[in-house]
Amino acid sequence: MSALVVAQHDHARLDPATLATVTAARALAEEVDLLVAGHEVRPVAEEAVGIAGVRRVLLAEAEHLAQPVAEDLCELVLAVAGDYEALLAPATTFGKNLMPRVAARLDVAQISDIVAVLAPDTFQRYIYAGNVLTTVHTRDARRVLTVRATAFEKAQAQGGAAEIVTVAVPPATGLARFVRREVHASERPELTSARIVVSGGRGVGSKENFQLIERLADVLGAAIGASRAAVDAGFAPNDWQVGQTGKIVAPELYVAVGISGAIQHLAGMKDSKIIVAINKDPEAPIFEVADYGLVADLFKAVPELIEKIEKVKRERAA
Amino acid sequence: MKILVPVKRVVDPNVKVRIRADGSGVDLTNLKMAMNPFDEIAVEEAIRMKERGLAREVVAVSIGEPRVLETLRTALAMGADRAIAVETEVAVQPLEVAKMLKAIVEREQPDLVIMGKQAVDDDSNQTGQMLAALLGWAQATFASRIEIVDGEAEVAREVDEGIEVIRVKLPAVITTDLRLNEPRYASLPNIMKAKRKPVDRLTPADLGVDPSPRLIYTRFEEPPRREAGIRVESVDELVEKLVEKGVIG
Ligand SMILES: Cc1cc2nc3c(=O)[nH]c(=O)nc-3n(C[C@H](O)[C@H](O)[C@H](O)COP(=O)(O)OP(=O)(O)OC[C@H]3O[C@@H](n4cnc5c(N)ncnc54)[C@H](O)[C@@H]3O)c2cc1C
Ligand SMILES: Nc1ncnc2c1ncn2[C@@H]1O[C@H](COP(=O)(O)O)[C@@H](O)[C@H]1O
């Protein structure tokens, strides 16, 4: 079987979720190609040739792909889809936006957010906010899949020897166009691939108080997450939301501060290796998944935690 | 402008579902059902567009067992003008839902379809994109702000990197994210009024679509359980554990 992975990138670098998607593709297909689409993206294609297990990198360059919309990317994917029996993308907002459009055009029932490949036609995925793990079997001749990046190892980024093949790009559909992106730049690690994540919830109380979460994140070298309640209340931006309808994270350490642990939140973080919860309510459901639970007022506990971690770090450095 | 709003009847998101003892599916007997939360947001947005004079008519549609009528009554009580129920006992999957919605779009000729980004039961996040594809329309997914400007929709989308603003030609499909609006509660007089609003009842056959599922769910199981953790008594103890585990320091 052969598979095509649609690479996610920011025109400078591949998104690490792409590497996990390659691993999923390798689990069902012997031949895996990668599509790198954009405007002046050869450097990304050159990065991609190193990925272990990738046969070919299809390079698709056009001006209208500089800030691509799903309509135009879909036409491109259909144009190169050829005989690939499987088409995959990460289950990020990029892949979620694009792949169902591709699937419908190919008359394929997409399988979203797979967490395991059991056989080339059989996959596992969660439903009901992570409460039920299902096994799904497809009888379609082709499969269109989105892949939960935290569920698969990342493919080796170096050592491969794929060849770059330039492919033609269909004209723009003119249906939609990019206007602008509002991102707040940050020096912190990216949330979905960070080794440590510190998340704050409604209990943090205000946007100003969220600085406490940021300080804790900084001493730990962590990315910052938030519950939906914290985002809704304006304490944190939307791209920090962890959960069923936000981002899925599985860091080595997840620290939940002032978060109750609603199932929709747990859906996004319960595969973390170590979970720490700080909450003043001993009955909070977050404690049911926490490896280390501390029942405490966060306004007392977090400053103390920051101070003690700094102390440990100083002692280590000395 | 005419707006079509597809709404799905799902298990209330606050209810924890149980798996049938034989692992053959999720036990839905006697569970509290509700309109998919994202679809409530879609209905709310459509109604606000009508209140602002942007839309003339809001039509809600739901596909599923006959009890989707209850969900449609909710949409009507919130302010939708009329409703369409497509009745089937089959648990219809996104591609077939999209095909049925396409047939309804062809009958109703709306200028805009606003729907949820994701059904909180199957968590597929597919149907809107599929509908747009089948219609050859533009799509604007994960919307947190919608404005109609110069015959186009300007939509702020919640993406992993932050917010992305795009312009789409109309007609288009827009899918809602949580922060688009706060859906209203239906008032008692509006619930009474909703009972007199028209509801068309169709079947998949009327729309020329075979509702049979293409994906076969063969197993349903509890996710792997996390081993019970411990309570630490102090910040010192917590730091000690984290150092022990090698995650800090
Ligand atoms: C369709 C749908 C999708 C959703 N998707 C998501 C999602 O993706 N992500 C998500 O997170 N949620 C999601 N939710 C919302 C979810 O159901 C919860 O409402 C939300 O996670 C609650 O956030 P919270 O824990 O911060 O707030 P709360 O539940 O209000 O908890 C606040 C916690 O802070 C504690 N606290 C307060 N003060 C202090 C203090 N001084 N010190 C210590 N602890 C304190 C309290 O004891 C409490 O446990 C979704 C809901 C729906 C319906
Ligand atoms: N059976 C259905 N009836 C009406 N609308 C539906 C149905 N299934 C899905 N939808 C719509 O499609 C959206 C996305 O669903 P899904 O792709 O299943 O996650 C939902 O929020 C609804 O707006």
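This is a predicted model: local features need pLDDT of at least 70, side-chain atom pairs count only at pLDDT 80 or more; totals for chains, interfaces and linings use all residues.
Local features need pLDDT of at least 70 and side-chain atom pairs count only at pLDDT 80 or more, whereas totals for chains, interfaces and linings use all residues. Residues are numbered from 1 along each chain as its sequence is written, chains are lettered from A and ligands numbered from 1 in the order in which they are written, and side-chain values use heavy atoms, with hydrogens and water left out.

Select chain A. It has eight helices and 16 strands, which are DSSP runs (helices H or I, at least four residues; strands E, at least two) numbered from the N terminus. Its C-alpha atoms fill a box of roughly 60 × 40 × 40 Å along the principal axes. Of its 318 residues, 59% count as buried (under 20% relative accessible area; exposed is over 50%, partly exposed in between; 1.4 Å probe, protein chains only).

Next, select Arg180(A) and Glu182(A), whose side chains form a salt bridge at 3.1 Å, N to O (a side-chain nitrogen of Lys or Arg within 4 Å of a carboxyl oxygen of Asp or Glu). Arg180(A) is partly exposed at 36%, as is Glu182(A) at 37%.

Move to Asp236(B) and Lys308(A), a salt bridge at 3.2 Å. This pair crosses between chains, from helix α6 (residues 235–244) of chain B to helix α8 (residues 298–317) of chain A.

Finally, select Glu44(B) and Arg184(B), which meet at 2.8 Å. Glu44(B) lies in helix α1 and Arg184(B) in the loop between β12 and α5, so the pair ties together parts 140 residues apart in sequence. Glu44(B) is buried at 2%; Arg184(B) is partly exposed at 28%.
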